[in-house]
Amino acid sequence: MSRSEENVRLTVGDAELTVDPGHGCRVSSLRIGGVELLRQGERYGCFPMVPWCGRTANGRFRNGDALHELPLNSPPHAIHGTGRDTSWHPAHTAADLAEGRASFYYDLAEPWPYEGRVTQTFELTGDGLALGLSVETYGDSFPAQAGWHPWFHRNLGGQDARLSFDPAWQEERGADHLPTGKRVDPLPGPWDDCFGMPDGVDVTLTWPEQLELTVKSRGTWVVVYDEQDEAVCVEPQSGPPNGLNTAPRLVTPIDPLELTATWSWVRL
């Protein structure tokens, strides 16, 4: 196994984080006091969504006059970016790991049509995890998005998790699973939906009598997916699904895309 494919384990107090750089630089495990918080399996854990989040309509987006087509990995759309299917390289030192920090990068390549670099950082403490993503270009400006897709266990051995958040609006979802462009008052779940939180993402998952975990981000968009019995997904991201087309955020040589998020927890 090459160095870039070796799992990296961070331990601080009773918190243990495992990152799998060879498999999309996903968090493959987060254990608190020996209890696994993330659904296990090659599709799960928590993976980065980059250089786009959610579905891109019909796998197509424009950058100026240029029309680009992406592989339809969730026909008829392209979903969740290419970073989760890529092997990432370590950018940390042994001293960083000893202090609970790790960082990784990969260079953008086909099928993404622009050159650049993506960096992901992790910092574990005894009661939280700080995540960072950045996207920079090596030349041409291009639209991009970044975010995370964690699969939190719905049940940790007691009662099911309870979700609490107060979004300003919900993006109306069309039959094609894409936002229609209309904002509506938040509807009851179950959800596979995008919500706007203009003061920053702030969502709490509570496993009664066990653990409370809060997801925060300075990003103003969050997708909540809880249609599966096994897991609840709380996905902070820099833009809405299909945002390469509807809300493009340009990465330029002087203005990289940067997004941070924190997971903080307390025992109950």
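In which strand is the place of Thr-180? Thr-180 sits in strand β19, which covers residues 179-184, strands being DSSP runs of E of at least two residues, numbered from the N terminus. The model is a predicted one, in which local features need pLDDT of at least 70 and side-chain atom pairs count only at pLDDT 80 or more, while totals for chains, interfaces and linings use all residues. Residues are numbered from 1 along each chain as its sequence is written, and side-chain values use heavy atoms, with hydrogens and water left out.

Thr-180 has a relative accessible area of 44% and is therefore partly exposed, a class between buried (under 20%) and exposed (over 50%), with a 1.4 Å probe and protein chains only. The side chain of Thr-180 makes a polar contact with the side chain of Glu-172 at 2.7 Å, and also reaches the backbone nitrogen of Lys-182 at 3.2 Å. A polar contact here is a pair of N or O atoms within 3.5 Å; within protein, one must be able to donate a hydrogen and the other to accept it, and residues adjacent in sequence count only if both atoms are side-chain atoms.

Turning to charged pairs, the count comes to 11 salt bridges, each a side-chain nitrogen of Lys or Arg within 4 Å of a carboxyl oxygen of Asp or Glu. One of them joins the side chains of Asp-14 and Arg-267 at 2.5 Å, N to O. Asp-14 lies in the loop between β1 (8-12) and β2 (15-20) and Arg-267 in strand β26 (residues 257-267), so this pair ties together parts that are 253 residues apart in sequence.

Note on methods. Helices (H or I, at least four residues) and strands (E, at least two) are DSSP runs, numbered from the N terminus.
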